[in-house]
Amino acid sequence: MMETKVEEHPCSAAADDVRIIAFCCHYCAFTAADLAGTMRQQYPPNIRIVRLPCTGRLEVNMILQAFVDGADGVLVAGCEPGGCHFIKGNLRARKRVDYTRKLLSEAGIDPDRLEMYYIAASEGPLFAQTSREFTEKIQQLKRQRAGGDGTSQSMNGDGT
Amino acid sequence: MITAERKPFEEIYECAKRHKRVLLLGCGTCVTVCMAGGEKEVGILASQIRLAARERGDEITIDEHTITRQCDAEFFDEAITRKAAEVDAIISMGCGVGVQFCSERFPDKIVYPAVNTKFYGATVEQGVWSERCAGCGECIVAAFGGVCPVARCSKSLLNGPCGGSSEGMCEVDPEHTQCAWQLIYDRMEKLGRLDELEEVQPLKDWSHHRDGGPRTIVREDMKL
Amino acid sequence: MNATLQKSGSRLEAVLTSGQFAVTAELGPPKSADVDVIRQKAGYLRGVVDAVNITDNQTAIVRMSSIGAGVIALQEGLEPVIQITCRDRNRLAIQSDVLGAYALGMRNILCLSGDHQKFGNHPTSKNVYDLDSIQLVMMLKGMRDDKVFACGDEIRNTKKSPIVEPRVFIGAAANPFGDPFPFRAVRLAKKVKAGADFIQTQCIYDMERFRKWMEQVRARGLHEKVYILAGITPLRSVKMAEYMRDKVAGLTVPDHIIERLNRAENAEEEGQKIAIEQIHELREIPGVSGVHIMAIEAEKTVAALAEKAGLLPRPA
């Protein structure tokens with residue numbers, strides 16, 4: 001089973017900081033992320049990128065496991081429909097992401113903590129923007145959860 | 001294969017939360033093929049239970065294991081026996097046969113089913129399974145061009161169709177269910193055997209089916 | 001048609017064998033133990049029809065039993081046609097019911113597959129379908145003519161008792177409009193082979209298709225082996241016509257009929273007019289021996305329809 005344990009990031013200082021796993025396909029989204037870096041487009045350090053050959057490689061349990069191990073949000077980024085290097089991988093990922101959202105909901109996890117985006121290789125700025133927006137959303141959702149019942153939700157994988 | 005569908009999550013969770021440590025046992029044969037209870041599905045269900053337990057403040061430890069088949073004693077080896085001894089309860093993702101067989105193997109443990117067993121079916125396309133056989137105990141499909149009227153006709157008519165066949169679909173579910181008798185007619189027409197359908201099929205002997213009582217097969221030549 | 005000895009002594013059989021154009025109708029039993037409903041409906045139909053079909057849990061909705069209501073119908077001076085579906089009863093229950101029905105004076109039985117319980121008010125029930133409608137016809141014929149039960153036992157109480165078999169007039173349903181169309185006449189042939197004495201068809205709106213079906217039926221000589229009563233259901237509104245077209249499997253309603261109802265000032269009257277025209281047309285088709293008027297929950301309208309269509313008075 002894939003280990004995606006999230007360690008404490010040296011830069012994260014705030015108590016409500018979030019940990020986000022971004023599954024990115026090599027040919028499009030990861031390349032865009034790379035480009036964002038080259039172009040000095042800022043995006044939050046909370047995003048930890050996991051490079052896959054294609055989003056079609058994603059298994060449902062890879063995403064669930066990320067949440068089990070403590071992720072506050074999971075972002076899946078792949079090629080535009082029609083632009084997948086492996087033809088249909090991103091379409092399959094889309095179905096699996098939708099299914100996983102349903103499974104999260106069953107388990108009592110807000111399905112909006114998982115999102116799939118389409119980002120082409122040349123769209124460095126879009127990658128950065130998407131990362132920022134998703135991070136903000138996850139932070140807000142976390143605050144809501146914490147505020148809702150008066151106690152913070154655990155970020156660790158051991159139930160504490 | 002025997003097909004099944006995973007039970008609603010809440011139903012499974014209600015069983016799991018009664019115990020501190022639970023073994024989620026998958027089956028590598030039928031339920032793997034119909035994607036309901038194989039190794040992959042065990043992993044997914046385990047993750048869901050862990051997430052839910054954390055959310056609700058329940059303490060449940062999930063062990064995961066999958067054996068080749070839960071309907072054969074030889075696959076309940078030492079490994080699984082050791083694991084079963086360490087847990088408080090077992091949730092079997094096998095079909096109804098597997099759940100019961102597992103129960104017999106571990107009589108001191110409660111074994112919960114995690115799937116609802118459905119029918120004998122085939123994979124029509126990836127992700128779609130369709131009923132083909134009713135296990136009637138007296139196979140007559142050749143008389144119907146290879147299409148079983150018992151399993152595939154909503155009314156199990158041996159002298160069909162009824163008046164509810166319309167454009168090849170069955171009135172019981174005109175969007176999804178094909179009329180078996182349209183299939184039989186088309187098949188027999190292709191085979192040049194339509195005249196055989198003019199014979200009146202006599203009453204079926206249902207005693208070979210479950211109606212005759214729970215069934216057993218014995219091969220004396222095979223017994224040790 | 002051979003003027004054979006009466007098989008059952010039923011009035012319906014007498015009318016048909018004498019070559020007269022027969023008229024039957026439908027009476028739906030109540031969804032309760034209310035006997036007055038039956039008496040009232042019987043009142044509308046007395047003297048208007050030769051026999052009246054008492055439905056059996058029609059559309060899989062629980063109603064008073066066909067035989068139970070049939071007894072009331074008999075008391076009210078009507079001759080019942082008991083309907084038996086294969087959905088709810090196995091071969092034991094059916095044979096038992098047939099003996100009972102005959103003992104209570106009923107002489108006509110219509111054999112049906114029965115609507116699947118999914119359509120009714122008890123969709124979670126187990127369905128039976130121990131036999132199909134054709135096997136049912138065969139079983140009844142075996143009881144009447146071979147004087148044996150389905151298992152082969154003689155129909156006598158003890159080895160020394162007399163054989164007392166149910167001498168019933170056996171009917172089956174036919175749907176000229178279902179698929180596969182080329183097979184429909186074959187299915188009718190099977191019912192005739194199995195022993196059907198009379199046929200009542202699904203209600204007809206598409207006269208063209210019905211004529212084509214009758215051609216196939218005549219080509220096989222079936223019209224000489226069985227009495228065919230053509231089904232009629234007068235339409236009472238555009239909504240009803242559209243419902244029949246869209247929601248009832250195995251039924252077609254041609255556009256020109258819906259147009260007529262749309263254009264008419266009074267759809268119910270127009271519907272009756274259409275029905276009367278159909279009855280006249282059907283009388284002209286060779287092989288059609290009568291009409292079966294299924295006025296669902298509108299038994300009151302049958303008398304007027306029968307009269308305007310020139311079907312009254314009924315033979316004594």
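**Entry: ground rules**

I worked from a predicted model, where local features need pLDDT of at least 70, side-chain atom pairs count only at pLDDT 80 or more, and totals for chains, interfaces and linings use all residues. Residues are numbered from 1 along each chain as its sequence is written, and chains are lettered from A and ligands numbered from 1 in the order in which they are written.

**Entry: confidence**

I looked up the scores for the complex. The predictor gives an ipTM of 0.89 and a pTM of 0.88.

**Entry: who touches whom**

I counted two residues as in contact if their C-beta atoms, placed from the backbone, lie within 7 Å. Two pairs of chains are in contact, and chains B and C share the most contacts. Chains A and C do not touch; 27 Å separates their nearest C-alpha atoms.

I took the B–C contact next. It uses 26 residues from chain B and 26 residues from chain C. On the side of chain B that touches chain C, β8 (165-166) and α7 (180-190) of chain B are the elements that give two or more residues. Helices (H or I, at least four residues) and strands (E, at least two) are DSSP runs, numbered from the N terminus. I sorted this side by class: twelve nonpolar, ten polar and four charged residues. Here Ala, Val, Leu, Ile, Met, Phe, Trp, Tyr, Cys and Pro count as nonpolar, Asp, Glu, Lys and Arg as charged, and the others, Gly among them, as polar.

Then I checked B against A. Twelve residues of chain B contact 14 residues of chain A. Helix α3 (residues 39-56) of chain B supplies eleven residues, the largest share of the chain B side. That side has four nonpolar, three polar and five charged residues.

**Entry: chain B domains**

I found chain B divided into domain 1 (2-118) and domain 2 (135-212). The bounds come from an automatic or database domain assignment. The centres of these two domains, taken over C-alpha atoms, are 37 Å apart.

**Entry: chain A**

I read four helices and four strands in chain A. From the N terminus their order is β-α-β-α-β-α-β-α. Of its 160 residues, 41% are buried. Buried means 20 or more other C-beta atoms within 10 Å of a residue's own, exposed 12 or fewer, and partly exposed in between, with C-beta atoms placed from the backbone.

I followed strand β1 (residues 20-25) of chain A. Six of its six residues are buried. Ile20(A), Ala22(A) and Cys24(A) point one way, and Ile21(A), Phe23(A) and Cys25(A) the other. Strands pair if DSSP finds at least two bridges between them. β1(A) runs parallel to β3 (residues 73-78) of chain A, with five bridges. Cys24(A) has Ala77(A) as its bridge partner there. β1(A) also pairs in the parallel sense with β2 (residues 47-52) of chain A, over six bridges. Phe23(A) stands opposite Val50(A) in β2(A).

**Entry: chain C**

I looked at strand β7 (residues 227-232) of chain C. Six of its six residues are buried. Four bridges join β7(C) to β6 (residues 198-203) of chain C, in parallel. Cys203(C) stands opposite Gly231(C). β7(C) also pairs in the parallel sense with β8 (residues 288-293) of chain C, over five bridges. In β8(C), Ile293(C) is the bridge partner of Ile232(C).
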